[in-house]
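Subject: Structure handover, strand pairing

Hello,

Here is the structure for your files. My notes on the sheets follow below it.

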Amino acid sequence: MYQERDILTRKEAKKRSGLISEVIYDLQLSLKKNSKTYDGKCSMHFTLSKKSQIVINTISRIKKISINGKETKDFKKTKYRIIIPKNLVKKGYNTILIIYSANYDHTGDGLHQFIDVEDKNEYIYSNFEPFAAHRMFPCFDQPDIKANFS
């Protein structure tokens with residue numbers, strides 16, 4: 001039986017980097033004090049070299065996805081990925097809006113939450129070693145797909 005793992009293979013990365021370019025992320029996070037979760041809204045803008053299935057890395061719970069301005073439920077969510085069928089995207093410029101919720105990470109990667117035992121304050125920080133950004137927000141999480149953020 002196939003067990004999905006939270007990894008990116010060289011084959012997957014090579015295929016995706018040949019398809020995806022000119023990536024921009026518009027990211028909004030809603031953080032609540034002393035909460036185990038946070039909400040996010042990520043707009044992914046990118047150019048697709050040819051019409052193809054799109055794989056987005058994420059561990060988040062998906063609330064809503066819109067592709068090029070049209071809301072859709074025609075996607076597959078696995079534990080670590082969102083798979084967008086090729087009939088929903090086009091060659092050229094695309095925008096995918098993902099509204100999601102996620103748990104804070106406590107491993108030190110992604111969006112990490114920490115309550116200091118000394119001062120009892122809550123601290124939040126991000127750590128995106130190679131292949132850890134998807135632990136905070138849905139993205140094309142690989143070092144050779146560079147992106148601008150806002």
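Two strands count as paired here if DSSP finds at least two bridges between them. By that criterion S3 and strand S7, residues 81–84, are partners: they run antiparallel and share 4 bridges. Please keep in mind that this is a predicted model.

S3 and S7 belong to an open sheet of 3 strands, ordered S3-S7-S6 and paired antiparallel. Its edges are strand S3 (54–57) and strand S6 (76–77), each of which pairs on one side only.

Another open sheet has 6 strands, in the order S5-S4-S8-S2-S1-S11, and its pairing is mixed. Strand S5 (70–72) and strand S11 (147–149) are at the edges; each has a single partner strand, so one side of each lacks a neighbour in the sheet. On average, neighbouring strands of this sheet are turned by 25° against each other, with direction ignored.

Within this sheet, strand S4 (residues 61–67) pairs with strand S8 (residues 92–103) in the antiparallel sense, over 6 bridges. Ser-66 is the residue that stands opposite Leu-97 in S8. Helix H1 (residues 10–19) packs on the sheet, where it touches strand S1 (20–31) and strand S2 (37–48). The direction of H1 makes about 100° with that of S1.

Regards

Methods: Residues numbered from 1 in each chain as written. Predicted model: local features only at pLDDT ≥ 70, side-chain atom pairs only at ≥ 80, totals over all residues. Heavy atoms only, no water. Helix = DSSP H or I, 4+ residues; strand = E, 2+ residues; numbered from the N terminus. Axes fitted to C-alpha atoms, helices over the stretch in contact; angles between N-to-C directions. Contact = heavy atoms within 4.5 Å.
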